[in-house]
Each structure stands twice: as C-alpha cells, then as structure tokens.
Amino acid sequence: MNIIFDCDPGHDDAIALLLLGSNKKFNVLGVTTESGNQTIEKTTRNAINVISYLNLPYKVYKGESKPLYRDAVICDKIHGESGLDGFEFPKYTMKEEKEDAVSFIINAVKSSKEKVTIVTTGPMTNVGKALMVDPSIKSNIEKIVLMGGSIGAGNVTPAAEFNINCDAEAANVCFISGIPIYMMGLDVTRKVLVTDEIVNRISKINNKASEMFSKLMRVFIDNQKKVFHLDGAPLHDPVTIAYLIDPSVVEMKYVNTEIDCAKSSSYGRTNCDIPGYLGKKPNSYVAVEINIEKYFNIIEEAIKSYNFL
Ligand code: BDR
Ligand code: CA
C-alpha cells in the first residue's frame with residue numbers, strides 16, 4: 001500500500017509513526033509535517049527524531065508553517081515545549097528534504113504507479129493546499145484516512161476537534177474533493193485511553209520502542225489529566241494506521257459530513273449526518289465504534305516488532 005503520512009508530532013503522532021514502521025504492507029513514499037501540536041520547525045524535528053530513533057527509512061518533507069487562511073496555533077499544554085516532552089532523543093544529523101510538503105504530495109501522487117493512500121494525523125493544510133494547487137491529483141488518491149473531527153462534542157471548542165479547528169478550510173477542501181474519506185474522530189479515539197496499566201504492560205516488552213512509548217505516554221497521561229481531567233491519555237492518531245492494518249478494529253458508517261467553516265463558535269465542527277436528516281450524498285466513512293482490546297493488541301505487537309533494534 002503506497003502511503004503518504006502527514007503529521008504534527010505530537011505524542012500520539014509519534015506512536016502512529018511507530019505503528020506505520022512496524023508493518024511491511026506499507027510502502028511509505030514520504031512523511032510530511034504540519035504545524036499544529038507545535039510549530040512547524042519543532043514538529044519537523046520531532047518527525048525526524050522518531051524516524052531516526054526507530055531506524056525507519058523515511059524521508060521527511062516540511063509542510064506549511066500555518067493554516068490556509070488563519071494564524072498558527074499550538075497545543076503545548078498537552079504536548080509540551082518540544083512537542084514531544086518526556087523523551088530525550090539523541091542528536092541526529094538527518095535533515096528534512098529540500099522539496100516542501102505540498103510539492104512533494106503533488107509530485108509523489110502524480111508519479112505513483114499505484115493509487116496513494118494519504119493519512120493525516122494533524123491539521124489538513126498540506127493536503128488541502130496540494131488539492132487546491134493541482135486538483136488533477138485526486139484521480140490517483142485511493143483514500144484519505146484522517147484523525148480528526150467528532151460526531152459529538154469537540155475538544156477545543158464545544159463543537160470542534162483540534163485538527164479540524166486548526167484549519168477547517170483545508171479539511172473542507174478534502175471532504176468535498178470526492179476522494180473517499182475515512183474519519184477517525186474523537187468518538188472512537190477518546191475511548192482508547194492509555195492508562196498506567198497499559199504503560200506497565202508495554203514497558204515489559206523492554207526494547208527501544210517500548211522505552212519511547214512509556215516515557216512519552218507518562219507525560220501525555222499527566223497532561224491529559226491536568227487539561228481534560230481524563231483518567232488516561234486518548235491514543236488518537238494511531239487509530240488511522242491500526243485501521244489500515246486491521247479494518248475490523250473500527251466500525252464505520254458511510255454518511256454525509258460537512259465541515260463548518262463559518263466564522264462562529266461552531267467553526268471546525270464536522271457535521272456527520274448519521275441519521276441522514278439532510279438527504280445529502282454520503283462522502284465519508286465515519287468511525288462510530290472501536291474494539292479497544294484489539295487496538296491495544298495491535299499497538300503491543302507493533303512495539304514487539306522492534307525487538308531487533
Ligand atoms: C488531535 O490533536 C492533537 O493534539 C493530537 O495529536 C491529535 O491529532 C486530537 O484532537
Ligand atoms: Ca496529531
């Protein structure tokens with residue numbers, strides 16, 4: 001499966017990268033970065049650090065420094081000063097590629113012999129912009145699998161989830177593009193909580209990957225408790241990759257979803273018309289349920305696969 005992975009690491013983005021690197025079925029064309037959890041400089045450095053630490057053969061393409069029409073925001077209350085607080089990476093010499101993320105996405109999709117699956121775990125700015133610059137790439141995109149949105153409540157406003165709220169216009173470009181959309185929203189990602197028990201279970205694997213997981217997750221758990229009063233850290237982003245590894249991990253509904261881009265308190269809301277009230281054509285598969293046990297088994301197996309490091 002040809003993949004472009006677009007992310008803003010971010011604790012849970014880092015674990016999504018770990019999952020991606022664990023499975024041979026993914027042919028990763030490149031990793032592109034977004035500003036979101038931290039500035040574009042920091043998320044790009046973080047992507048490079050995780051890839052280098054796990055010895056993954058991926059190239060990194062730096063993305064847009066801000067959303068299409070709005071100022072950049074960061075999420076340091078959850079992800080900290082570095083964007084990956086809790087783990088000290090060695091100093092790696094690897095640098096990002098010269099080509100920027102938007103050009104890379106356009107060129108990589110156009111030149112791919114087989115259709116490309118795009119996975120986004122941050123704001124959708126790079127992909128939205130690539131589709132605006134060259135809409136012809138649509139025909140060679142198999143699907144977009146995103147972590148973002150919510151059928152129910154948001155996590156930055158009553159209506160909106162962080163990734164979509166950062167850049168609703170970019171998300172809208174993707175959702176109206178006609179490309180099949182697979183949305184893993186808060187409705188499922190907030191059910192997969194990393195607890196102390198999960199950290200202890202993973203620590204027992206005792207390899208380089210489990211060490212990174214455990215140290216990152218301890219800080220992630222603390223910050224989620226402080227900010228959201230949650231009894232565990234929602235492991236949002238890896239749901240995208242877990243779904244591609246084993247689609248049965250989530251239950252999806254094929255519905256019409258509209259992104260609210262109005263300048264109101266609902267900005268960034270994903271209006272998923274599950275009951276079909278509006279009678280509009282479905283454009284998205286939206287995750288409505290997740291098998292928690294299966295999910296953490298996938299995470300555990302992925303971490304064990306790094307035993308060779
Ligand atoms: C999303 O926001 C970010 O902080 C996480 O990395 C995840 O992608 C959850 O709302
Ligand atoms: Ca993210």
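## Exercises on a predicted model

Val 219 is partly exposed, because its relative accessible area is 22%, where buried means under 20% relative accessible area, exposed over 50% and partly exposed in between, with a 1.4 Å probe and protein chains only. This is a predicted model, in which local features need pLDDT of at least 70, side-chain atom pairs count only at pLDDT 80 or more, and totals for chains, interfaces and linings use all residues. Residues are numbered from 1 along each chain as its sequence is written, chains are lettered from A and ligands numbered from 1 in the order in which they are written, and side-chain values use heavy atoms, with hydrogens and water left out.

### Exercise 1

Find the element that holds Val 219, and list the residues that Val 219 touches.

**Solution.** Start with the element: Val 219 has its place in helix α10, residues 208-228, where helices (H or I, at least four residues) and strands (E, at least two) are DSSP runs numbered from the N terminus. Next come the contacts, meaning heavy atoms within 4.5 Å: not counting residues up to four places away in sequence, Val 219 touches His 11, Asp 85 and Gly 86. Finally, the C-alpha atoms of Val 219 and Ile 78 are separated by 8.5 Å, although the two residues are 141 apart along the chain.

### Exercise 2

Work out the strand order of the open sheet, and explain why β3 and β9 each have one side without a neighbour in the sheet.

**Solution.** The sheet has 8 strands in the order β3-β2-β1-β4-β5-β6-β12-β9, with mixed pairing; two strands pair if DSSP finds at least two bridges between them. Because β3 (60-61) and β9 (250-255) stand at the edges with a single partner strand each, one side of each is left without a neighbour in the sheet. Further along the order, β6 (residues 181-184) and β12 (residues 284-290) pair in the parallel sense over 3 bridges, and Tyr 182 stands opposite Tyr 285 in β12.

### Exercise 3

### Exercise 4

Identify the residues that coordinate the calcium ion (ligand 2), and decide whether Thr 121 is buried or exposed.

**Solution.** The ion is coordinated by Asp 8 (OD), Asp 13 (OD), Asp 13 (OD), Thr 121 (O) and Asp 237 (OD), at 2.2 to 2.6 Å; donors are N, O and S atoms within 2.8 Å of the metal (3.2 Å for Na, K and Ca), and since water is not among the atoms, sites may look incomplete. The donors follow the spacing D-x4-D-x107-T-x115-D along the chain. Thr 121, in the loop between β4 and α5 (125-133), and Asp 237, in the loop between β8 (233-234) and α11 (238-245), link distant parts of the chain, being 116 residues apart. Thr 121 is buried, with a relative accessible area of 1%, and Asp 237 is also buried, with a value of 2%.
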